Amino acid sequence: MFDGIAGRYDLMNLVMTWGQEPRFVRRSVERAELPDRPVVLDLATGTGDIALEVLRSRYGAQVTGADFAPEMMEVGRNRPGGRQIDWVEADAMDLPFEDNTFDAVTHGYLLRNVADIPTTLAEQFRVLKPGGRMVALETSPAPDNIIKPFSTAYIKYVVPQISRLITRTPDAYEYLSATSRGFKTPAQIQALLEDAGFERVGHETHLFGTLAIHWATKPL
């Protein structure tokens, strides 16, 4: 499914977020609090938005982009700067990396697409160096407020119709719409991160509460 939308994935993300996706990517990298010349793993890297932002923001960064969709990564490899990233086909629940390898692990829209979130977080905890930072950009179900009927209608009905025009694969975005609406709340994600052993856990929300940036630190 993801390989099938690879060529238009970035455009759809831009449209779905009303042009705000680049800002959210930059903010996610800021929340990673990267050291100089960091070694970074970007999971569910897709076409490399977050990975490329890490390269732009930190001179000398060593970035690995990992995903299970090779055609998505091929699009990223051919973007400006894409050849500086080490692209790896990998399962987020069984990472092919040694313990204590990375200064930071980042990902965008990963957790809603894995079968086992605790296992996924445990793998991230394992490959992070002590003191390393995890940052996740994720959708969130609309909070119970006056905006909820409108934001729910947008993600449930409007996004699949937009995708029909842009990607001609509306089934993919019907799936993404359903996983977004049925996903865990930011508070639930925070609890899962704490259960995984992370500390200094926090989050901030955007787009009327329908998108969240989560962060957490592996103890020293």
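How many bridges join strand 6 to strand 7, and in which sense do the two strands run? In this predicted model, in which local features need pLDDT of at least 70, side-chain atom pairs count only at pLDDT 80 or more, and totals for chains, interfaces and linings use all residues, strand 6 (residues 199–206) and strand 7 run antiparallel and are joined by six bridges. Residues are numbered from 1 along each chain as its sequence is written, and side-chain values use heavy atoms, with hydrogens and water left out. Strands (E, at least two residues) and helices (H or I, at least four) are DSSP runs numbered from the N terminus, and two strands pair if DSSP finds at least two bridges between them.

The protein chain contains eight helices and seven strands. Of its 220 residues, 51% are buried, where buried means under 20% relative accessible area, exposed over 50% and partly exposed in between (1.4 Å probe, protein chains only). Among contacts (heavy atoms within 4.5 Å) between residues at least 6 apart in sequence, 67% join residues at least 24 apart.

Strand 7 (residues 211–217) has seven of its seven residues buried, and it is therefore largely enclosed by the rest of the structure. In a regular strand, side chains alternate between the two faces of the sheet. Both faces of strand 7 are covered, with L211, I213, W215 and T217 buried on one side and A212, H214 and A216 buried on the other. Strand 7 also pairs with strand 5 (residues 128–139), in the antiparallel sense and over seven bridges; within this pairing, T139 has L211 of strand 7 as its bridge partner. I213 in strand 7, for its part, stands opposite E204. Strand 6 and strand 7 form a hairpin with four residues between them, and L207 in the turn adopts a positive phi of about 50°.

Helix 8 (residues 186–195) has P186, I189, L192 and L193 as its buried residues. These residues cover an arc of only 120° around the axis, which puts them on the same side of helix 8, the arc being that of the directions from the helix axis to the C-beta atoms. An α-helix has 3.6 residues a turn, so residues three or four places apart point the same way. The cover over the buried residues of helix 8 includes helix 5 (117–127), strand 5, strand 6 and strand 7, whereas A187 and D195, on the other side of helix 8, are exposed. Just after helix 8, G197 takes a positive phi of about 105°.
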